[in-house]
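Good morning, and thank you for the time.

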Amino acid sequence: MEEIPRDHAGRPDPVAARRACARLVPVAGAVVAAHWVPSVAVLGQWGPFSSLPGELCRWQGPRDSARVALTFDDGPDPEGTPRVLDALDEQGIRATFFVLGEHARAHPDLVEEVARRGHQLGTHGDQHAHHLVRSPLWVYQDILRARGAMASLGHPPRWYRPAYGQPTGSTLAIARAIGLRTVLWSAWGREWAAAGPGEVAASVARRLRSGAIVLLHDSDCFGPRGMWRRALGALPLVAAELRRRSLVPVTMDELLV
Ligand SMILES: [Zn+2]
């Protein structure tokens with residue numbers, strides 16, 4: 001960076017300082033844009049896309065697979081997770097749980113129980129924060145902590161879903177550099193807005209097709225109370241719909257080999 005001229009008292013020349021700052025504006029703008037643009041791109045989950053180029057982010061699996069992945073975010077939760085696990089057992093479904101690092105450290109026994117029952121574990125980050133308002137360094141440290149939490153419990157994650165489904169450019173690049181595969185969803189229960197399990201199941205059914213990745217929650221931690229209960233109540237309905245459409249519920253590993 002060029003030297004800013006100073007007066008005899010050592011004060012920077014105000015005109016030159018303003019010019020130097022003005023020259024930095026496009027650079028700062030480019031950095032912010034690179035950080036934010038993929039967040040806009042993730043709106044593609046409502047469009048015809050299934051992935052960003054270079055496998056930076058996936059929204060769904062193969063359309064001809066007849067497989068579907070049910071996924072649960074925000075746990076493990078001492079209230080919701082055990083009930084969801086029992087309901088999945090009743091339906092004979094194996095799912096994928098995107099757990100938070102801070103919750104995994106608080107409830108390692110539940111993490112173990114999820115794995116023991118044959119489900120897959122992914123990471124949802126360490127803290128549940130919007131990456132849009134966090135620095136790339138914060139995101140890097142958060143993902144590292146989350147991966148470390150899972151690895152120390154003997155379950156190093158392969159799959160990563162950023163909080164609120166809002167990865168930034170930094171999020172996608174960092175996750176990939178660390179060796180995690182970022183995945184969002186193509187169908188969701190919208191439990192936070194649904195009046196009951198029927199609405200959750202109907203919301204899922206609207207986008208339930210071969211290769212779908214379905215977002216549900218086994219915790220109320222980051223939404224209105226009752227979210228996981230609505231997801232729990234919807235599970236038999238979703239399972240029936242899967243059977244009706246001859247779709248097979250599988251883990252993320254099995255959906256995206
Ligand atoms: Zn979440």
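By helices I mean DSSP runs of H or I of at least four residues, and by strands runs of E of at least two, both numbered from the N terminus. On that basis the chain, which is a predicted model, has 9 helices and 8 strands. Buried residues account for 43% of its 257 residues.

Let me turn to helix α8, residues 227-244. At 1.5 Å a residue, its 18 residues should span 26 Å, and the end C-alpha atoms are 25 Å apart, which agrees. Just after α8, Ser-246 adopts a positive phi of about 55 degrees.

Which residues of α8 are buried? They are Met-227, Trp-228, Arg-230, Ala-231, Leu-232, Ala-234, Leu-235, Val-238 and Leu-242. Their cover includes β1 (67-73), α2 (80-91), α7 (197-206), β7 (213-217) and β8 (248-250).

Helix α7 comes next. Its buried residues are Pro-197, Val-200, Ala-201, Ser-203 and Val-204. Viewed down the axis of α7, these fall within an arc of 160 degrees, so they line one face of the helix. As a reminder, an α-helix has 3.6 residues a turn, so residues three or four places apart point the same way. The cover over the buried residues of α7 includes β6 (187-188), β7 and α8.

These elements lead us to the largest nonpolar core. It has 57 residues, of which Ala-69, Trp-185, Val-214 and Ala-231 touch the most other members. Helix α8 supplies the largest share of this core, with 8 residues. To take Val-214 as a case, leaving aside residues up to four places away in sequence, it touches Val-68, Ala-69, Leu-70, Thr-71, Trp-185, Ala-187, Trp-188 and Val-204.

Finally, consider Leu-56, which sits in the loop between α1 (14-41) and β1. Why does Leu-56 count as partly exposed? It has 18 C-beta neighbours inside 10 Å, whereas a buried residue needs 20 or more. Leu-56 and Arg-181 are 125 residues apart in sequence, yet their C-alpha atoms are 7.2 Å apart in space. Again leaving aside residues up to four places away in sequence, Leu-56 touches Leu-172, Arg-176 and Thr-182.

Thank you. I welcome your questions.

Note on methods: Residues are numbered from 1 along each chain as its sequence is written. This is a predicted model: local features need pLDDT of at least 70, side-chain atom pairs count only at pLDDT 80 or more; totals for chains, interfaces and linings use all residues. A residue is buried if 20 or more other C-beta atoms lie within 10 Å of its own, exposed if 12 or fewer, and partly exposed in between; C-beta atoms are placed from the backbone. The expected span of a helix is 1.5 Å times one less than its number of residues. Two residues are in contact if their C-beta atoms, placed from the backbone, lie within 7 Å. The arc is that of the directions from the helix axis to the C-beta atoms. A nonpolar core is a set of buried Ala, Val, Leu, Ile, Met, Phe, Trp, Tyr and Cys residues joined through C-beta atoms within 7 Å.
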